[in-house]
Amino acid sequence: MVERRKILNFSESSPQFCKVYVPDLSSHRLGIPRDFVKHFTGDLRYKSTITTPEKRSWHVELKEVDEHLYFQEGWQQFVHDNSLVFGDFLIFYYGGNAQFYTKIYGKNGCRKKGSLNDAQGANGDESAQKELCLTFSSAIQERTRKEASKFVSEFPFFEVVMRPSYINTGLMNVPSSFHRYMKDRHGATLVVSDRSWPVKLIKTRVKFCHGWSTFCRENTLKVDDVCVFELIEKNDVVLKVSIFRCPD
């Protein structure tokens with residue numbers, strides 16, 4: 001049964017899990033991750049409600065099978081009404097009392113409009129008519145940058161997100177906030193673990209030049225990786241490099 005209802009107080013900080021829709025595994029029921037069940041904290045009810053951004057809701061029963069919890073009775077209707085296809089990506093937010101809020105993304109990374117909403121006309125909220133395009137790669141990039149932002153050190157340091165130009169041209173800009181350590185220098189040494197690489201500096205704009213391409217290649221740097229450069233020796237300009245890799 002489909003209802004229109006007020007969206008409850010869900011947020012990005014609500015407990016959440018994600019699933020990729022695979023018809024052979026998910027068309028009749030959908031498993032809830034074991035590690036997620038702890039969020040029910042005693043308020044598990046076997047009749048749940050799943051609500052979409054279009055304010056449409058489905059009553060779906062939760063069923064426990066062999067110590068696994070599933071969306072079951074009513075799930076097939078949810079699949080049908082939302083035209084789920086192989087590779088769709090669903091994010092479920094939990095608001096307590098067996099109330100779930102979900103966003104559905106297609107394989108192109110864009111949020112899907114509810115097909116019922118399309119079939120019944122343009123009476124939904126204006127916001128429900130807008131295509132919210134959120135690529136998975138953007139989410140991964142953001143996660144990598146958050147990890148790098150947690151870096152702390154007793155030494156001066158700066159971080160750089162690898163751009164295509166840094167990988168392909170053999171040049172990398174040093175942030176202006178760090179120029180005072182390098183403006184009168186001809187070169188620096190980059191250190192990763194127990195290996196080191198000499199690099200030349202273009203003094204006028206403070207850029208890594210000769211040697212930088214070799215460093216990128218031998219450390220298999222890719223676009224969107226984040227490098228943190230830590231000045232462990234000021235006199236000889238020795239920079240320890242910590243690499244936060246962005247998954248493919």
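The following exercises, each with a worked solution, examine a predicted model of one protein chain.

Residues are numbered from 1 along each chain as its sequence is written. Local features need pLDDT of at least 70, side-chain atom pairs count only at pLDDT 80 or more, totals for chains, interfaces and linings use all residues, and side-chain values use heavy atoms, with hydrogens and water left out.

**Exercise 1. Confidence and overall content**

Task: State what pLDDT the protein chain averages, and how many helices and strands the chain has.

Solution. Step one concerns pLDDT, the predictor's confidence in each residue, from 0 to 100. The chain averages 82, and 81% of the residues score at least 70. Over residues 117-135, however, the pLDDT is below 50. Where pLDDT is low, the predicted coordinates should not be read in detail.

Step two is the count of elements: six helices and 15 strands. These are DSSP runs, numbered from the N terminus, with helices being H or I of at least four residues and strands E of at least two.

Step three is burial. Of the 248 residues, 40% are buried, where buried means under 20% relative accessible area, exposed over 50%, and partly exposed in between, with a 1.4 Å probe and protein chains only.

**Exercise 2. The nonpolar cores**

Task: Identify which residues of the largest nonpolar core touch the most other members, and which elements each supply at least two residues of this core.

Solution. A nonpolar core is a set of buried Ala, Val, Leu, Ile, Met, Phe, Trp, Tyr and Cys residues joined through side-chain atoms within 4.5 Å. The largest one has 27 residues, and those touching the most other members are M172, M182, L190, F208, W212, F229 and L239. At least two core residues come from each of β9 (157-161), β11 (187-192), β12 (195-202), α6 (212-218), β14 (226-233) and β15 (238-244).

Leaving aside residues up to four places away in sequence, L190 touches R195, S196, W197, V199, F208, W212, F215, F229, L239 and V241; contact means heavy atoms within 4.5 Å. A second, separate core has 21 residues, including Y21, F36, L69 and L84.

**Exercise 3. The rings around F215**

Task: Classify the ring pair of W197 and F215, and then that of W212 and F215.

Solution. Rings of Phe, Tyr and Trp (its six-membered ring) pair if their centres lie within 6.5 Å; planes under 30 degrees apart count as stacked, over 60 as edge-to-face and the rest as tilted. The structure holds 19 such pairs.

The centres of the W197 and F215 rings are 5.3 Å apart and the planes stand at 90°, so this pair is edge-to-face. Because W197 lies in strand β12 and F215 in helix α6, the pair ties together parts that are 18 residues apart in sequence.

W212 and F215 are stacked, at 5.4 Å centre to centre with 20° between the planes. Being three residues apart in helix α6, these two are separated by about one helical turn.
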